[in-house]
Amino acid sequence: STWGLLSGQAMELPVIILIAAVGVIALFLLRRLLASDGAAVVRYNHVEAHTKRMLFTRAEVSKHDKETDLWIIVDGGVFDVTPYVKFHEGGDAIMRNPGGDNTRGFHEPHHPGKAHDMLKDHFIGICVDFVHRPTKAVTKAELSSHASDKSMWVAINGHVFDVTSFAESHPGGFEALQRNAGGDCTREFYGPQHDREAFKKLPSMYVGVLEA
C-alpha cells in the first residue's frame with residue numbers, strides 16, 4: 001500500500017543519513033591517519049639522515065622549498081611539513097613562504113588551536129640563527145679562548161654558543177658547562193637529559209658556525 005511504501009521510505013532515510021555520517025567520519029579519520037603515518041615516516045627518516053643534528057641555519061632550511069620537500073620555521077623551530085601539504089586546510093597557502101620564517105603567518109587568527117598541536121608532530125630541530133645572524137665563522141682558536149667563568153663558549157654539532165649568562169641557571173649545574181667551556185660538548189648535549197626545551201634556548205645564545 002501507499003502507506004507501507006511511505007513508512008518504508010521514512011525508515012530508510014535515517015539509515016541513509018547514518019551511513020553517510022559514518023562515511024564522513026571514516027574519511028576524516030583516514031586523512032588524519034595518513035597524515036600521522038607520513039609524519040612518522042619523516043621522523044624516522046630524519047633519525048637516519050639527521051642523527052645528532054637538529055640544529056639548522058636559515059640557509060639550510062631555505063633549500064627545502066618544494067611541495068615534495070617542505071620545511072618551515074615557526075618561533076625558531078624547524079618543521080618538516082611535507083606530509084601535511086596535501087592535507088592543509090588552507091590549500092596552497094602553505095607554500096607562500098616555503099623554506100622560510102612562517103612565524104607571523106602561522107599565528108594569524110585563521111589557524112585553529114589544533115594546528116599548533118599538529119605542528120608539534122613535524123618538529124625536526126631548531127633554527128640556530130633565528131635570533132642572531134652572525135656574519136663570520138668562529139675559529140677553533142677563538143672558541144678555545146673562551147674557557148673562563150667570565151666568558152664561556154661551547155660548540156655543539158659545528159655551531160658555537162655563548163653560555164656565559166646561562167651557566168648559573170643551567171639545570172645540570174654550573175660545573176657541567178664549565179668542564180666543556182672552550183671545547184666541543186656535542187656528545188654531552190645530545191644526552192637523554194636534554195629535551196626539546198633545551199634546544200629552544202640555543203638561538204638566543206648563538207655565536208656562529210665553527211670553522212672546519
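The second largest pocket is lined by 23 residues, and Phe166, His170, Leu177, Phe189 and His194 are the ones nearest its centre. Two or more lining residues come from each of strand 7 (151-156), helix 6 (174-180), helix 7 (186-189) and helix 8 (196-200), with helices (H or I, at least four residues) and strands (E, at least two) taken as DSSP runs numbered from the N terminus. Helix 6 contributes the most to this lining of the second largest pocket, namely four residues. By residue class, the lining of the second largest pocket holds 13 nonpolar, five polar and five charged residues; Ala, Val, Leu, Ile, Met, Phe, Trp, Tyr, Cys and Pro count as nonpolar, Asp, Glu, Lys and Arg as charged, and the others, Gly among them, as polar. The volume of the second largest pocket is about 420 Å³.

The model is predicted, with local features requiring pLDDT of at least 70 and side-chain atom pairs pLDDT 80 or more, while totals for chains, interfaces and linings use all residues. Residues are numbered from 1 along each chain as its sequence is written, and side-chain values use heavy atoms, without hydrogens and water.

A pocket here is an open set of points on a 1 Å grid over the protein atoms alone, where a 1.4 Å probe fits, with protein on both sides within 12 Å along at least five of seven lines; lining residues have an atom within 4 Å of a point. Grid points are joined across faces, edges and corners, and a volume is the space filled by probe spheres set on the points.

Turning to the largest pocket, its volume is about 560 Å³. Its lining comprises 24 residues, with His88, Ile94, Phe106, His110 and His111 closest to the centre. Helix 3 (103-106) and helix 4 (113-120) each provide at least two residues of the lining of the largest pocket, and helix 4 gives the most, with four. Ten nonpolar, eight polar and six charged residues make up the lining of the largest pocket.
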